[in-house]
Amino acid sequence: MKTTPSPIIIDAAQTRASLPFDRLIAALREAFTAGADVPLRHHHFMPQPDGSIATILIMPAWQRAFIGIKIVTIFPENGKKALPGLFSSYLLCDGDTGQHIALIDGNEITSRRTAAIGALGADFLARKDSRKLLICGSGRIASLLADAFAAVRPIEKVAVWNVNEAGAARLVFDLRARGIDACVANDLERAVGEADIVSCATLAARPIIKGAWLKPGTHLDLIGSFTPFMREADDEVFRRGRVWLDTYDALKESGELLDPIRDGVIAAGDIRGSLAELCRGERKGRTSEGEITVFKAVGNALSDIAAAGLVWRDFSAKE
């Protein structure tokens, strides 16, 4: 019997090197324009002894060239154990034969494509002169947001808020070491009011951003919450803002939207559109300097397979 080669292992460093934000954002724009087959992802919830809820996500997608499956485990209380809250691996398969060709570091794919999706959304929705960025969170994804948004807007100043101030201080230290003008935001309300772009990358179960704090013209990026049990913004955010989604699956998955729709704060018909519609030119993004825009992303297997394909092509070109 003919044997087939085992999948190539592409580690975190190789994956990271293949996904600079300028190339990744461009690849995502192309992917959302072209589309792919993306079934609704599988959720499995696991109550933990401490009262938190851990999650297993299984996210398949396929297109002509590739088939991809990402497996993700999310444990919200891992921070107390000095561990990331999310771990993932990505299996990439040949689109013609189904052969398993690569096992790619899913943590790098997930974190970098999540930051890049927020930046791609901002490229349509944030004011062109946005210079002040507020990052809420201090984990793996939050650490990438300054670079991601700087790829699409002239970011000059970055403030970081985290429920654990020590985490914010660590991220600020890292940002300054990279030459970024960064500071810790001790007063969240004031920081939100001063920012042009607010990006939330937390695992919050209750809202941390109040709509009353948002000044006209602000762009709010909500990329942390992705289950029915998670929220980063209060109802007033959705009353005041014009809401856009990465995909319409967010209406089925995110407490950010499920709760306000259930309570009559907004209706599904109030959603302005999706990232694919923006990329295809089917919807116009920001329409005035003063409007408040809200981009809600839950993550999508289309962005994963776009990133994985970029990694594989880069790896193959070097072989």
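Student: Which cysteine sulfur is closest to the sulfur of Cys136?

Tutor: The one in Cys200, at 4.0 Å, which is too far for a bond. A disulfide here is a pair of cysteine sulfur atoms within 2.5 Å, and by this rule the count is zero. This is a predicted model: local features need pLDDT of at least 70, side-chain atom pairs count only at pLDDT 80 or more, and totals for chains, interfaces and linings use all residues. Residues are numbered from 1 along each chain as its sequence is written, and side-chain values use heavy atoms, with hydrogens and water left out.

Student: Is Cys136 buried or exposed?

Tutor: Buried, with a relative accessible area of 0%. Buried means under 20% relative accessible area, exposed over 50%, and partly exposed in between (1.4 Å probe, protein chains only). Cys279 is buried as well, at 15%.

Student: Switching to helices: at roughly what angle do the axes of α2 and α3 cross?

Tutor: Helix α2 (residues 21–34) and helix α3 (residues 106–125) cross at roughly 70 degrees, and their axes come within 9 Å. That makes α2 roughly perpendicular to α3. Angles of 65 to 115 degrees count as roughly perpendicular, under 35 as roughly parallel, over 145 as roughly antiparallel and the rest as oblique. Axes are lines fitted to C-alpha atoms, for helices over the stretch in contact, and angles run from 0 to 180 degrees between N-to-C directions. Helices (H or I, at least four residues) and strands (E, at least two) are DSSP runs numbered from the N terminus.

Student: Which residues make that contact?

Tutor: Among them are Phe21, Leu24 and Phe32 of α2, and Ala116, Leu120 and Phe124 of α3. Contact means heavy atoms within 4.5 Å.

Student: How many bridges pair β3 with β4?

Tutor: Eight, in the antiparallel sense, between β3 (residues 53–62) and β4 (residues 66–74). Ile58 has Ile71 in β4 as its bridge partner.

How values were computed: Pairing = 2+ DSSP bridges.
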